[in-house]
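Colleague: Hi! Could you walk me through this one before I start on my own?
Modeller: Happy to, here it is.

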Amino acid sequence: MKKESFVSVADLTKEDINRLMEKAAFFETNPNRKLLENRVCATLFFEPSTRTRLSFETAVNRLGGRVIGFSDAATTSSSKGETLKDTIKMVSNYADLIIMRPYLEGAARYASEVTDVPVINAGDGANQHPSQTMLDVYSIYKTQGSLENLTIAMVGDLKYGRTVHSLIVGMSHFNPKFYFIAPDELKLPDIYKQFLEEKAIPYREFSDFSEDVINQSDILYMTRVQRERFTDLMEYEKVKNIYILKNSMLDKSKDNLRILHPLPRVNEIAYDVDDNPKAYYFEQAKNGVFARQAIICNVLGIKSDD
Ligand code: CP
């Protein structure tokens, strides 16, 4: 079995992303191919999740595999002091694949280095969320018909938002233009701006969430302010309601504009937006099953026509 972990979007080429999207499209029309019979997949979620864990588990179940794991680290021996290395080595005795959401940035990469079992990063701290990126790019492709030459506005918590960090890297292959809308406290980290500058990808930063920016965009990527990453909750209180997208703000937006959000939503998208045909976030989450089926088969070296 070829071992190929999936821990960072930075490890993917443009061709890798296109191939995974093709596989995701295959699974969208063939969701129940029994390609994982006799395989056991472990889902180790040290941090809370609804969509990522359940869509990974749905992906495995639809592919005919079996799932073991936990969604609350307090019920595991890590709460007794077992190290991540030991936990990963133990789970590697039981499972053919490890899907993990650790608290610590870089922990998925570390895990992939201490086991021969493939590891999929289901979000490591504020660092990366590469499987979310695959469902995001698949959603962008489905709604725009292409990934090339798009204007993408990212709004909200660009400092801690790992989905934003991964998506910037993923879309960097497709000649994008970015607008970053964030308060000073939650601006995009310099490392991502340097990355864009090195690749000569244009971006602009704003602190106002204006209709001017919305009206020029093809994708409006809303994000939640990540309460769990703040060490001082008074700081969170200051910014938690900083931007709220209301339906009236979309009146002059482009016909092809689609609103994405990795979810969960707190209050950054008003409920009146949900019925707007440009709201795509619930379909986006559904695309997660197909994108994750593609990723799982890829890391296990299983061709979809096997
Ligand atoms: N988008 C996302 O990661 O959602 P969950 O935290 O519910 O998995």
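Modeller: One term first: a salt bridge here is a side-chain nitrogen of Lys or Arg within 4 Å of a carboxyl oxygen of Asp or Glu. Also keep in mind that this is a predicted model.
Colleague: Thanks! Which residue forms a salt bridge with Glu 47?
Modeller: That's Arg 229, and the closest N and O atoms of the two are 2.8 Å apart.
Colleague: Nice. And what are the domains of the chain?
Modeller: The domain assignment gives domain 1 as 9-128 + 288-299, and domain 2 as 130-285. Their centres, taken over C-alpha atoms, are separated by 25 Å.
Colleague: How much area do domain 1 and domain 2 bury between them?
Modeller: About 2300 Å², with 60% of it on carbon and sulfur atoms. On the domain 1 side, Val 9, Met 21 and Arg 51 lose the most area to domain 2, together 25% of what that side buries.
Colleague: How many residues are in contact there?
Modeller: 30 residues of domain 1 are in contact with 27 of domain 2.
Colleague: Back to the polar side: how many salt bridges and polar contacts are found across the interface?
Modeller: The rule finds 4 salt bridges across the interface of domain 1 and domain 2, and 15 residue pairs are in polar contact.
Colleague: Which helices supply the domain 1 side that touches domain 2?
Modeller: Helix H1 (14-29), helix H2 (51-62) and helix H10 (281-299) each supply at least two residues. H1 gives the largest share, 8 residues.
Colleague: And by class, what does that side have?
Modeller: The side of domain 1 that touches domain 2 has 14 nonpolar, 9 polar and 7 charged residues.

Definitions and conventions:
Residues numbered from 1 in each chain as written. Predicted model: local features only at pLDDT ≥ 70, side-chain atom pairs only at ≥ 80, totals over all residues. Heavy atoms only, no water. Domains from an automatic or database assignment. Contact = heavy atoms within 4.5 Å. Buried area = accessible area lost by both parts, 1.4 Å probe. Polar contact = N/O pair within 3.5 Å; in protein donor to acceptor, adjacent residues only side chain to side chain. Helix = DSSP H or I, 4+ residues; strand = E, 2+ residues; numbered from the N terminus. Nonpolar A, V, L, I, M, F, W, Y, C, P; charged D, E, K, R; others polar.
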